[in-house]
Amino acid sequence: MSDPFQEKRLKHLQMYLYFVPVAGIFPALWTLLRKGGDREQRSASRLAITLALTWFLAYSLLSTGATQTTELLKFRLLFIDGLLTSGYFLTCLGLMLRVWRRKSPRLPGISKLAERTMGKHSS
């Protein structure tokens, strides 16, 4: 005999794991690649992957730019890099909190972008 509430808890735990900064991309990718989960889980997966890839791309570009410039510009680029990384981690923590409170993990603009860019390939 299965407990319907246990399955709901498992889905929320999976969605919670998607938003663990950096490491959450792996369970999110797994969900999309195996075409598993319900619509809400796939949407959360796409959002987590979009956030992580955007952060990684910006982080890489800023770090690379910092190695190719003068000391003053290097400091500025690394400072912006730190702000961006802090923002990514705080955004992930905020989304984890929303999932914990059983609310929809959505971000204005970014959720739409994630659905448009990744929704075509993983549906």
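Here are a few notes on the core, the aromatic rings and one surface patch of this predicted model.

1. Start with the inside. The largest nonpolar core is made up of 19 residues. If you want to click on the ones with the most contacts inside it, go for Tyr18, Phe19, Leu47, Leu51, Tyr88 and Leu95. Helices H1 (4-18), H2 (25-33), H3 (39-67) and H4 (71-100) are the elements that each give two or more residues to this core. H3 supplies the largest share, with seven residues.

2. Now the rings. The model has six aromatic pairs. One of them is Phe75 with Phe79: the ring centres are 6.3 Å apart and the planes sit at 25°, under the 30 degrees cut-off, so this pair counts as stacked. Both residues belong to helix H4, four residues apart, which is about one turn of the helix.

3. There is also a ring cluster to find: Trp55, Phe56, Tyr59, Tyr88 and Phe89 are linked by ring pairs. Tyr88 is also among the core residues with the most contacts.

4. Back to Phe75: is it buried or exposed? Its relative accessibility is 58%, over the 50% cut-off, so Phe75 counts as exposed. Together with Phe79, Ile80 and Leu83, Phe75 forms a nonpolar patch on the surface. The four have about 450 Å² of accessible area together.

Terms used
Residues numbered from 1 in each chain as written. Predicted model: local features only at pLDDT ≥ 70, side-chain atom pairs only at ≥ 80, totals over all residues. Heavy atoms only, no water. Core = buried A, V, L, I, M, F, W, Y, C linked by side-chain atoms within 4.5 Å. Buried < 20%, exposed > 50% of the residue type's maximum accessible area, 1.4 Å probe, protein only. Patch = residues over 30% accessible without salt bridge, like charges linked within 9 Å, V, L, I, M, F, W, Y side chains within 5 Å. Areas by Shrake-Rupley, 256 points an atom, 1.4 Å probe, with all protein chains shown as cover. Salt bridge = Lys/Arg side-chain N within 4 Å of Asp/Glu carboxyl O. Phe/Tyr/Trp six-rings, centres within 6.5 Å; stacked < 30°, edge-to-face > 60°.
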